[in-house]
Amino acid sequence: MSNTRIIKKYPNRRLYDTELSRYITLSDIRELVMSGMDFQVVDTNTNEDLTRSILLQIMLDEESGGAPLFSAKMLSQIIRFYGGTVQGMLARYLEESLSMFVQQQEQLNNTVGTDPVKAITSMAEQNMRMWADMQKSFFKAAGLAGAANRKKEEE
């Protein structure tokens with residue numbers, strides 16, 4: 001049996017949590033995200049997966065209130081990648097970057113009680129290695145392996 005929680009979206013735009021057997025709000029879904037719960041939002045009429053659009057709606061709500069995470073310049077730059085030849089590579093790059101950031105946060109949380117300078121130095125060294133590897137993979141996927149080699153020689 002799958003551990004993915006199913007949320008049904010009805011034509012009246014209401015969201016129904018099949019595990020709790022009750023209607024929920026976008027705030028409830030945000031709490032699922034924050035708790036790390038796997039879920040999928042499905043249209044009741046078409047069975048279409050609506051998870052991405054619901055997550056984008058939550059992000060829009062978050063961006064509209066308080067301090068936004070994305071600047072207008074950053075959003076414009078992201079929009080320019082849609083339909084381009086590197087759209088898929090950018091998506092993978094951003095996903096890997098966020099994964100690395102989460103790992104870094106976890107490592108920082110685990111360093112409580114150790115020498116903070118040593119912990120930060122170690123993380124910085126690890127970051128440099130990970131970014132270099134990711135950049136190399138990015139250039140290779142883009143067919144620019146020569147550019148990655150030139151960059152390495154310059155360093």
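I take helices (H or I, at least four residues) and strands (E, at least two) as DSSP runs, numbered from the N terminus. By that rule I find six helices and four strands in the protein chain. I note that this is a predicted model, where local features need pLDDT of at least 70, side-chain atom pairs count only at pLDDT 80 or more, and totals for chains, interfaces and linings use all residues. Residues are numbered from 1 along each chain as its sequence is written, and side-chain values use heavy atoms, with hydrogens and water left out.

I read the order of elements from the N terminus as β-β-β-α-β-α-α-α-α-α.

I looked up the sheet next. Two strands pair if DSSP finds at least two bridges between them. The four strands form an open sheet in the order E3-E2-E1-E4, with mixed pairing. Strand E3 (22-24) and strand E4 (39-43) are the edges; each has a single partner strand, so one side of each lacks a neighbour in the sheet. I record an average twist of 35° from one strand to the next.

Strand E2 (residues 15-17) pairs with E3 in the antiparallel sense over three bridges. Asp17 stands opposite Arg22 in E3.

I then turned to Ser97, which lies in helix H4 (residues 87-109). Is Ser97 buried or exposed? I count Ser97 as buried because its relative accessibility is 15%; buried means under 20% relative accessible area, exposed over 50%, and partly exposed in between (1.4 Å probe, protein chains only). Contact means heavy atoms within 4.5 Å. Beyond its neighbours within four places in sequence, Ser97 is in contact with Trp131 and Met134.

Definitions and conventions:
Axes are lines fitted to C-alpha atoms, for helices over the stretch in contact, and angles run from 0 to 180 degrees between N-to-C directions.
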